[in-house]
Amino acid sequence: MQLHKKIILIFSFGLCIGAGTIYWFRHQTNNNNVVTPTMPIPTEQQSEPVAPKPKPEPAQHTHPLIQSLQQEDQRLWKELERCGVDKAACISYKTKYRNEYKQIRKEFEDKALKKPISKKTLQTIYRIFDEFNIDKNAIAIIPFNNPGCPAGATDHQLLIDERQLLQFPEEAQDYTIAHEVQHIVHQDDSTSFALENLLNLTEEDFDNPNHIFNKRSRFEEKRADALASLKKAKYARGNILFMKKLLSKKKKESAGITHPKEKTRIALAETILKKYHAPNSTLA
Ligand SMILES: [Zn+2]
């Protein structure tokens with residue numbers, strides 16, 4: 001499970017853009033001596049985990065953008081099924097290894113900065129939690145130092161690099177939190193955790209933009225952007241501002257492997273702003 005150890009932290013950071021951050025994480029995890037529990041892939045010989053029955057698929061939403069996201073989600077699960085991992089297996093894995101997942105992610109808390117997050121930023125976070133019906137007592141907010149990435153989320157943690165976050169305009173800061181909240185709502189991090197184990201990925205797979213694992217990751221990023229931007233016009237504007245500032249800092253687009261390219265993300269937010277937040281629109 002060496003590979004697993006290498007990548008456990010990669011997908012926790014929803015807004016991390018591009019390979020630079022990913023390799024930073026790989027480097028970090030390669031150079032520490034933290035022993036992480038190994039995650040055996042369930043085999044037929046092992047007793048099946050006791051897992052709740054998968055929930056029935058939600059009814060088709062009436063909003064056209066949400067509808068298209070649901071359809072894309074279903075298409076990707078079908079593709080995963082052809083690769084040997086269906087949605088039920090993924091849910092079983094998440095249930096069976098819930099404690100191990102939490103234990104591994106605890107590493108973030110162990111590496112938390114001593115300096116607490118400011119009251120102002122905390123107020124912003126709690127306001128956005130409220131907007132998306134997130135129970136603030138269920139999520140640990142962790143001050144974190146992560147070059148190149150102001151925020152990240154696991155299923156039960158929100159990681160904030162406040163020094164970096166404050167370098168962005170206020171609307172971009174709000175978007176950043178709203179985006180991460182979507183990862184929490186959809187439990188994207190534990191899905192990545194389960195898939196990276198169940199798919200038995202090679203090093204090459206992680207670098208292959210056409211691998212289903214990366215396609216799924218890009219979809220989750222797109223969904224987080226879309227649902228944040230759809231909620232309020234200011235998040236859509238913040239989405240655009242964030243990506244533009246990021247592009248100007250980096251000078252070139254990311255490779256578009258785990259995350260869609262910046263210009264693709266800007267285009268989606270611009271479409272949402274124009275189509276669903278226009279003064280006469282009733283769709284949002
Ligand atoms: Zn994200």
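Author: A term to begin with: a residue is buried if 20 or more other C-beta atoms lie within 10 Å of its own, exposed if 12 or fewer, and partly exposed in between, with C-beta atoms placed from the backbone. This is a predicted model, in which local features need pLDDT of at least 70, side-chain atom pairs count only at pLDDT 80 or more, and totals for chains, interfaces and linings use all residues. Residues are numbered from 1 along each chain as its sequence is written.

Reader: Is Asn-200 buried or exposed, and why?

Author: Asn-200 counts as exposed because it has 12 C-beta neighbours inside 10 Å. This residue sits in the loop between helix 9 and helix 10 (203–207); helices here are DSSP runs of H or I, at least four residues, numbered from the N terminus.

Reader: What is the phi of Asn-200?

Author: Phi of Asn-200 is near 55°, which is positive although the residue is not glycine.

Reader: And Gln-187, where does that lie?

Author: Gln-187 belongs to the loop between helix 8 (170–186) and helix 9 (188–198). Its phi is also positive, about 50°, and Gln-187 is not a glycine. With 17 other C-beta atoms within 10 Å, Gln-187 is partly exposed.

Reader: Changing topic: which helix holds Ile-240?

Author: Ile-240 is part of helix 12 (residues 233–250). Ile-240 is buried, because 22 C-beta neighbours lie inside 10 Å.

Reader: Which residues is Ile-240 in contact with, leaving aside neighbours within four places in sequence?

Author: Those contacts of Ile-240 are Ile-266, Ala-269 and Glu-270, where contact means that the C-beta atoms, placed from the backbone, lie within 7 Å.

Terms used
Helices (H or I, at least four residues) and strands (E, at least two) are DSSP runs, numbered from the N terminus. Two residues are in contact if their C-beta atoms, placed from the backbone, lie within 7 Å.
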